[in-house]
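Here is a short note for a colleague who has not seen this model before. Please read the points with the structure open.

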Amino acid sequence: MTTRIGESNGTSAALSTASLDGAALRNDFPIFRNAEVGGRPLTFLDSAASSQKPQAVIDALRDYYETSNANIHRGVYHLSEIATAQYEEARKRIARFLNAASPRECIFVRGTTEGINLVASSWGRANLTPGDLIVYTEMEHHSNIIPWQLIAGQTGARIAWVPMTPDGLLDREAFTALMAQGPKVLALTHVGNALGTVNPVKELIAEAHAAGAVVVLDGAQSVPHMPIDVQDLDCDFLAFSGHKMLGPMGSGVLYGKRALLDAMPPYQGGGSMIRTVELTHTTWADVPAKFEAGTPSVGDAVALTRALDYLEALGMDAVWAHEREIGAYAVARLSEVPGLTIYGPAKMDHRSGVISFGLGDLHPHDVATLLDEQNIAVRAGHHCAQPVMRALDVMATTRASFYLYNDRDDVDRLVAGLHHAIRTMGGGGVWAGFAARAVPQSEAAGA
Ligand SMILES: Cc1ncc(COP(=O)(O)O)c(C=O)c1O
C-alpha cells in the first residue's frame with residue numbers, strides 16, 4: 001500500500017507504509033536524470049560521504065540568492081532584514097528538528113569537523129588542565145580524534161580510547177573501566193562511518209555523565225538518518241553536517257547545552273561575535289553570535305531547512321527503517337559473492353546502512369574503479385578512520401552506503417558489478433573455492 005505525500009515539502013514520490021520507495025524518490029533528485037553514463041543509470045552508494053540534493057533544496061538556494069541575498073545582522077535596509085529573518089528562522093527550524101531547548105543552542109558551522117574543532121578548542125582551553133583525561137573511541141572519524149589530540153598537546157591533558165570488540169562494537173567493559181578513571185570529556189560517534197556500527201549512545205551518555213564527563217557526540221552519520229532528540233539523549237554537544245543530509249555543502253550545525261556554551265570562550269574572533277571592542281580588549285556577544293564570527297553562509301543555512309522539511313515529510317523513522325531494510329538485504333546479497341568479506345557488526349540491530357567489505361585480494365581502489373565503469377559510485381580507502389583499518393588489519397575497504405533514494409535494485413546492481421569485477425580480474429577460478437561469508441572483523445583480521 002502506498003500514500004502520496006505533499007509536494008509542498010518537495011517530496012513528490014510515493015511513500016510506502018512499509019518502507020520508502022527509493023526509485024520514486026530519485027525523481028526528486030535531478031542528479032539521477034543527469035548522471036547516466038552510456039545509458040547506465042547512476043547507482044549512488046556513497047551518501048555517507050555526501051548525499052545528493054533534492055530539487056527543493058537546489059530551488060531554495062537559488063531562490064535565496066534571487067530574492068533575499070544580503071549580509072545579515074548589520075544592515076538596517078529591508079533586504080538585510082529579510083536575509084536576517086530567514087537565517088534566524090533557519091536556526092529555529094533546526095532547533096525544532098533536534099528538539100533543542102532553545103535556538104540559541106544551535107550554532108551554524110561548516111560541518112561536523114568545524115563543530116568538533118570548536119568544542120575541543122574552546123571548551124578544551126577553558127576546562128582541560130594537565131593530567132585531565134580525554135576519552136574517545138577506536139571507531140571515530142579523524143575529525144573526532146585530531147581536534148582532541150591538538151588540545152591535549154596544548155593543555156597537557158591525557159588521551160585514552162575505548163577499543164572495538166572483534167565484531168566492530170564498542171568494548172563495553174573497557175568503556176566502563178575508562179569511565180571509572182573520571183574523564184573530563186567523552187568524544188563519541190553515534191554511528192561509525194567506516195563500519196556502520198550504531199552505538200547505544202543514550203546509555204553511554206548516562207554512564208559518562210555519572211562519571212562526571214562532558215559528552216561530545218559526532219552525529220555526522222546519525223542525524224541524517226534517524227530521529228534525534230538532543231534532550232532525550234542528554235548529550236552536551238552534537239555536531240553534524242548538512243551536506244550529508246540533502247543540504248548544501250558547507251552547511252552544518254553544532255548543538256550545545258546553553259550553560260556550557262555561555263561559559264565557553266569564543267572559538268574565532270571577528271565581526272558579529274562582539275558586544276564592545278576597545279583597542280585593548282573586547283567583550284563578547286551572547287550565544288550563538290559569540291561563536292559565529294564573520295559573515296555566515298546564510299543561503300546554505302536557509303536551504304538546509306528545506307532538507308529538513310523533505311526528511312520530516314518522509315518521517316525520520318521511515319528513513320531509518322528503509323535504510324536498515326536495504327542494509328539487511330545488502331548483507332544477505334553480498335554474502336553470496338565469492339571471496340567477499342563484510343566487516344563490522346554481525347547483527348543487523350547494531351548496523352546502519354553503511355557496509356564495508358573486502359573482495360578477495362583485490363585492492364578496494366580497483367574494485368571501486370571497476371564498479372565506476374558501470375556507473376556505480378562507492379567509496380574505497382580508509383574512510384578517514386585509519387585506527388579502524390588498523391584494527392581490521394587492512395589498508396582500506398570498499399564501502400557502500402545507502403540513503404532514502406536507494407532501493408534493492410541498487411543492491412542487485414552492486415552485486416552484479418562485483419561479479420563483473422571478479423571476472424575482469426580473472427578471479428572466477430581463483431576464488432571458486434572461497435565460501436561466501438559475512439564474518440566478524442576478528443576473523444578477517446586474524447585476531
Ligand atoms: C562520523 C563522521 N564524523 C565526521 C565527519 C566529518 O564531516 P565533515 O567532513 O562534513 O566535516 C564525517 C564525514 O564523513 C563522518 O562520517
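1. Start with the lining of the largest pocket. Its residues divide into 13 polar, seven charged and six nonpolar. The model is predicted, so read every value here as computed from that prediction.

2. This pocket has a volume of about 390 Å³. Its lining counts 26 residues. To find the centre, look for Ala49, His141, Asn193, Lys244 and Cys384, which lie nearest to that point among the lining residues.

3. Which helix gives the largest share of this lining? It is α5, residues 112–127, with three residues.

4. Now turn to the second largest pocket. The volume is about 290 Å³, and 19 residues line the space. Nearest its centre are Phe108, Val109, Arg110, Glu114 and Pro296.

5. Helix α5 returns here. It supplies at least two residues of the lining of the second largest pocket, as do β4 (106–109) and α11 (298–314).

6. Last, check the surface. Ile274, Val277 and Trp284 make a nonpolar patch of about 260 Å². Val277 sits in strand β11, which covers residues 274–277.

7. Is Val277 buried or exposed? Its relative accessible area is 53%. The cut-off for exposed is over 50%, so Val277 counts as exposed.

Conventions:
Residues numbered from 1 in each chain as written. Predicted model: local features only at pLDDT ≥ 70, side-chain atom pairs only at ≥ 80, totals over all residues. Heavy atoms only, no water. 1 Å grid on protein atoms, 1.4 Å probe; cavity = no way out; pocket = protein on both sides within 12 Å on 5 of 7 lines; lining within 4 Å. Points joined across faces, edges and corners; volume = space filled by probe spheres on them. Helix = DSSP H or I, 4+ residues; strand = E, 2+ residues; numbered from the N terminus. Nonpolar A, V, L, I, M, F, W, Y, C, P; charged D, E, K, R; others polar. Patch = residues over 30% accessible without salt bridge, like charges linked within 9 Å, V, L, I, M, F, W, Y side chains within 5 Å. Areas by Shrake-Rupley, 256 points an atom, 1.4 Å probe, with all protein chains shown as cover. Salt bridge = Lys/Arg side-chain N within 4 Å of Asp/Glu carboxyl O. Buried < 20%, exposed > 50% of the residue type's maximum accessible area, 1.4 Å probe, protein only.
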